Amino acid sequence: MDKFLIRGGRALSGEVKISGAKNAALPILAATLLTETPVTLTNVPELRDISTMLKLLSGLGVEHCSQDSTLQIDASQLRSSLAPYELVRTMRASILVLGPLLARTGQAVVSLPGGCAIGARPVDLHLKGLVALGAEVEVQGGYIHARAKKLKGCRLVLDQITVTGTENLMMAAVLAQGRTIIENAAREPEVADLARFLIKLGAHISGVGTETLEIEGVEALDGDPVEYEIMPDRIETGTFLTAAAITGGRIRTTHTCPHTLDAVLEKLKEAGAEISQGSDWIELTQRSRPQAISFHTAPYPGFPTDMQAQLMALNCLAHGVGIITETIFENRFMHALELRRMGADITLEGHTAICKGVDKLQGAPVCASDLRASASLVLAALAAEGETVIDRIYHIDRGYERIEAKLARLGAIIERVHE
Ligand code: UD1
């Protein structure tokens, strides 16, 4: 298993190009199941989760070829409707094939994802929505069996805001008969990016980016070949900006989308960062010790749970006490226990983490438990005294493209060790 060896204490500076968003690329890849039309996707990040999705799509009959960050996809000949456990268990987002497969082929058999390190993460709302759209859904032997000759549009009110749930139901509804209204839809920019891709394919969707999506079903999405550019990754952007903040450096992120990061930038400013931005770049300079910040995570446009761990790392070295409440996932504080091993003063009380800033963190052997937890350990290690060895970095490879090369170019001393 690969490890990162990081020697901390250097202020990072320079420019970093942000990759395409993992959480936009995954649903958009799943959405190619809806069409016989050849699709070209650009700005696709090279990540383990993307390879997993491509493996899953290949098993269903989708052909693809890639060059750098461009992917050509041909889903004209589907030969299977099965998403097997072996793939789904390595990536929960595999559930995203359920809606499009069912809508295109009339059936889908998808392994239940089960829980993961950050919580139970059920998919009941995905299934409830599909049933309301007229599907027969059964769970048997760990698999979801869904069937529907033709889905029928209806009004769906989601009990809870769910990102992949909204995406799955929107993808199912584009080929349903009649109009579907999704109320309490997730407003995450990645949901809007998927909607824009579907519209380019010929879908009729209005209310994009709002909590009410209206979808007028069409017979098929088979027009001219489509090319689509995946939006920039706002979480990768936020992570690099936090790297500047925690090391007292200056980093400019380019090829990004500043307005998708409003809540994160607000908090970084509160921590004392100077931030300037243009239409597709953000630069952060941190001249003094950060101030501790308090926040709670919330669906977009609130503070993203996927940036919670990184800002907790910042609080560890800040002046004062920061209180973080996690409202989206029940068990998303695993990184706090590892950060403590580096000298952080964090007390956990249920869904709240109280972090008292310390003067110094010390390098230590630590272990990554999930994707964003590993990012927070990398950030802490970059600012810590001495050497940190981070184990289980396969988590970080799921969601950050060549992070060690990007960080090294900014001045970090970081090495990947193969074992
Ligand atoms: C997506 C993102 C993930 C991010 C999360 C929250 C992708 C591929 N992943 O995950 O990076 O951290 O949004 O912004 O885009 N829930 C239910 N029943 C359901 C569905 C969800 O109870 O059927 C609950 C979940 O357990 C969780 C909350 O709703 O507590 C929000 O989860 P959801 O938005 O669905 O997260 P994901 O789409 O899995």
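Modeller: Rings of Phe, Tyr and Trp, the last by its six-membered ring, pair if their centres lie within 6.5 Å. By this rule the count comes to 2 aromatic pairs, and the model they are taken from is a predicted one.

Biologist: Why is the pair of F197 and Y228 called edge-to-face?

Modeller: The ring centres of F197 and Y228 are 5.6 Å apart, with 65° between the planes; planes over 60 degrees apart count as edge-to-face, so the label applies. Because F197 belongs to helix α7 (residues 189–201) and Y228 to strand β14 (residues 226–229), the pair ties together parts that are 31 residues apart in sequence.

Biologist: How do you know whether F197, Y228, F295 and F303 are buried or exposed?

Modeller: Buried means under 20% relative accessible area. F197 has 0%, Y228 has 8%, F295 has 8% and F303 has 5%, so each of these residues counts as buried.

Biologist: And why is T247 called buried?

Modeller: T247, in helix α8 (residues 234–247), has a relative accessible area of 13%, which is under 20% and therefore buried. Leaving aside residues up to four places away in sequence, T247 touches R10, A11, L12, L382 and A383.

Terms used:
Residues numbered from 1 in each chain as written. Predicted model: local features only at pLDDT ≥ 70, side-chain atom pairs only at ≥ 80, totals over all residues. Heavy atoms only, no water. Helix = DSSP H or I, 4+ residues; strand = E, 2+ residues; numbered from the N terminus. Buried < 20%, exposed > 50% of the residue type's maximum accessible area, 1.4 Å probe, protein only. Contact = heavy atoms within 4.5 Å. Phe/Tyr/Trp six-rings, centres within 6.5 Å; stacked < 30°, edge-to-face > 60°.
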